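Subject: Structure handover

Hello,

Here is the structure I promised to pass on.

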Amino acid sequence: MQLIDKLSVLADAAKYDVSCASSGAPKRSSKGKSGLGATDGMGICHSFTPDGRCVALLKILLTNFCLYDCQYCVNRRSSDVPRARFTPEEVVELTLDFYRRNCISGLFLSSGIIRSADYTMEQLVRVARLLREEHEFRGYIHLKTIPDADPLLIAEAGRHADRLSVNIELPTESSLIRLAPEKQVLTIKQAMRTIHQGEAEASAEKRAPRFAPAGQSTQMIVGADDTDDRTILHTAQSLYGDYRLRRVYYSAFSPIPHSPKSVPFAAPPL
């Protein structure tokens, strides 16, 4: 598969992760017209810094192959979607090419789980390490963290990435058991704790370089079941308090092709 074809698949597959805020720009394109550029280029999203600056990020998945069969996810194991996979070197190449063309200011990289949690996390960390150490890339890097990965890999990710995030997935443990039984709240929160401890230690020791200086965030899917607003907000409040998250993002459940019947709201509401 050509690199541009991989980009088309894996940029589209990353659109369900809302951890990067959109600038809300209307869709415009110069294709077939006069002028230059577009607001809907593959994989380019916009995020805002605390001081109000808008930065463009290359937002992609390393792969949309996945061992898990989470019933709300379009990239689940049983989903009939086109699949692709980048090598770490290809992600580095794309990031640097887009950066040199002044298209982006950084990278947002997530992934489906392949082989094992540790193997997948090693691949994500390799991308960040290559960018930082071999190419001296000083742009923004946001890495998704694989919950079951070895804490040493998460610690290494924090040394290279500006921000780490672990998806809490759903508001309650019972929802996770029903819709994503291969995942566990315990391992998700252990990964969050590892990141929080790394931040705390770096702050206490005034260590340079700092550990994940932009902190950590998470994403919670709402609307995949009948969890009420009070419970959702209680979960978010607990995450902010326990792990000092910078932000909890809420992702509205979107009906996906061939959604399993066990997802209560798999069909659009009347």
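Angles under 35 degrees count as roughly parallel, over 145 as roughly antiparallel, 65 to 115 as roughly perpendicular and the rest as oblique. This is a predicted model, in which local features need pLDDT of at least 70 and side-chain atom pairs count only at pLDDT 80 or more, while totals for chains, interfaces and linings use all residues. Numbering starts from 1 along each chain as its sequence is written, and side-chain values use heavy atoms, with hydrogens and water left out.

Helix packing comes first. Two packed helices are described by the angle between their axes and the distance between the axes. The axes are lines fitted to C-alpha atoms, for helices over the stretch in contact, and angles run from 0 to 180 degrees between N-to-C directions. Helices (H or I, at least four residues) and strands (E, at least two) are DSSP runs, numbered from the N terminus.

Helix α3 (residues 117-134) packs against helix α4 (residues 151-160) at about 25°, with the axes 9 Å apart. The two are therefore roughly parallel to each other. Their crossing is left-handed (the near helix is turned anticlockwise from the far one by less than a right angle; clockwise would be right-handed). In contact (heavy atoms within 4.5 Å) are D118, M121, E122, V125, A128, R129, R132 and E133 of α3 with L153, E156, A157 and H160 of α4. By class, this contact has 5 nonpolar, 1 polar and 6 charged residues. Here Ala, Val, Leu, Ile, Met, Phe, Trp, Tyr, Cys and Pro count as nonpolar, Asp, Glu, Lys and Arg as charged, and the others, Gly among them, as polar.

Helix α2 (residues 88-100) also packs on α3, at an angle of about 45° and with the axes 9 Å apart. That makes α2 oblique to α3, and the crossing is right-handed. The α2 side of the contact includes V91, V92 and L96, and the α3 side includes V127, L130 and L131. This contact divides into 7 nonpolar, 2 polar and 2 charged residues.

A pocket is an open set of points on a 1 Å grid over the protein atoms alone, where a 1.4 Å probe fits, with protein on both sides within 12 Å along at least five of seven lines; lining residues have an atom within 4 Å of a point. The largest pocket holds about 740 Å³ of space. Its lining has 39 residues, with C73, N167, E169, K183 and Q219 nearest the centre. By class, the lining has 20 nonpolar, 12 polar and 7 charged residues.

K183 sits in the loop between α5 (173-179) and α6. Beyond its neighbours within four places in sequence, K183 contacts Y68, C70, Y72, E169 and L176.

Best wishes

Terms used:
Points joined across faces, edges and corners; volume = space filled by probe spheres on them.
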